[in-house]
Amino acid sequence: MTPETGNWWTAPTESESGRLIMVTGRKDIEKFRSNERFKIRIEVTWKYEGDANGMPDTATSQLMEEVQEALQNEFRKDPVAVLTGIFTGDDQRDWIFYSLSTHIFGRKLNEALASFPLLPLTIYTENDPDWEQYDEMSQAEIE
């Protein structure tokens with residue numbers, strides 16, 4: 001992973017089935033978290049055929065890194081969302097964003113990914129005005 005901005009940490013955790021998941025979280029989120037407009041939590045999930053440990057193969061991992069870089073570049077230009085967490089393992093990668101608009105996020109996501117082939121992505125959104133899910137993810141850093 002090559003986040004160009006932000007202060008990140010990485011820690012291992014386990015899925016419900018006991019498989020390894022690598023959690024990477026962003027530390028320097030206070031300017032977003034203190035902005036009450038950033039209250040929508042968005043999960044972008046990519047399911048893949050993992051190895052015996054549930055991790056992506058090299059080609060899939062490289063493509064995921066390119067996708068992540070494209071997303072980070074798009075939201076750096078127009079900060080309507082911030083990438084706060086990345087979960088990789090148990091046959092999927094989840095990118096976690098906090099955003100001020102699902103509509104604008106969707107448009108920017110499509111713009112960022114326009115040059116890629118159709119990707120197996122699913123998107124889930126929920127209101128999380130107190131960033132409770134971020135706080136829960138951050139517990140992995142402490143454990």
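Author: Strands and helices here are DSSP runs, numbered from the N terminus (strands E, at least two residues; helices H or I, at least four). Two strands count as paired if DSSP finds at least two bridges between them. As for the source, this is a predicted model: local features need pLDDT of at least 70, side-chain atom pairs count only at pLDDT 80 or more, and totals for chains, interfaces and linings use all residues. Residues are numbered from 1 along each chain as its sequence is written, and side-chain values use heavy atoms, with hydrogens and water left out.

Reader: Which residue is the bridge partner of T13 in strand 2?

Author: The partner of T13 is I21.

Reader: In what order do the strands form the sheet?

Author: Strands of a sheet pair through backbone hydrogen bonds, either parallel or antiparallel. Here 6 strands form an open sheet in the order 1-2-4-5-3-6, with antiparallel pairing. Strand 1 (8-14) and strand 6 (121-127) stand at the edges with a single partner strand each, so one side of each has no neighbour in the sheet.

Reader: Is V80 buried or exposed?

Author: Buried means under 20% relative accessible area, exposed over 50%, and partly exposed in between (1.4 Å probe, protein chains only). V80 has 8%, so V80 is buried. V80 lies in the loop between helix 2 (58-77) and strand 4 (81-89).

Reader: Which residues does V80 touch?

Author: Contact means heavy atoms within 4.5 Å. Not counting residues up to four places away in sequence, V80 touches F38, F75, Y98, S99, L100, I104 and K108.
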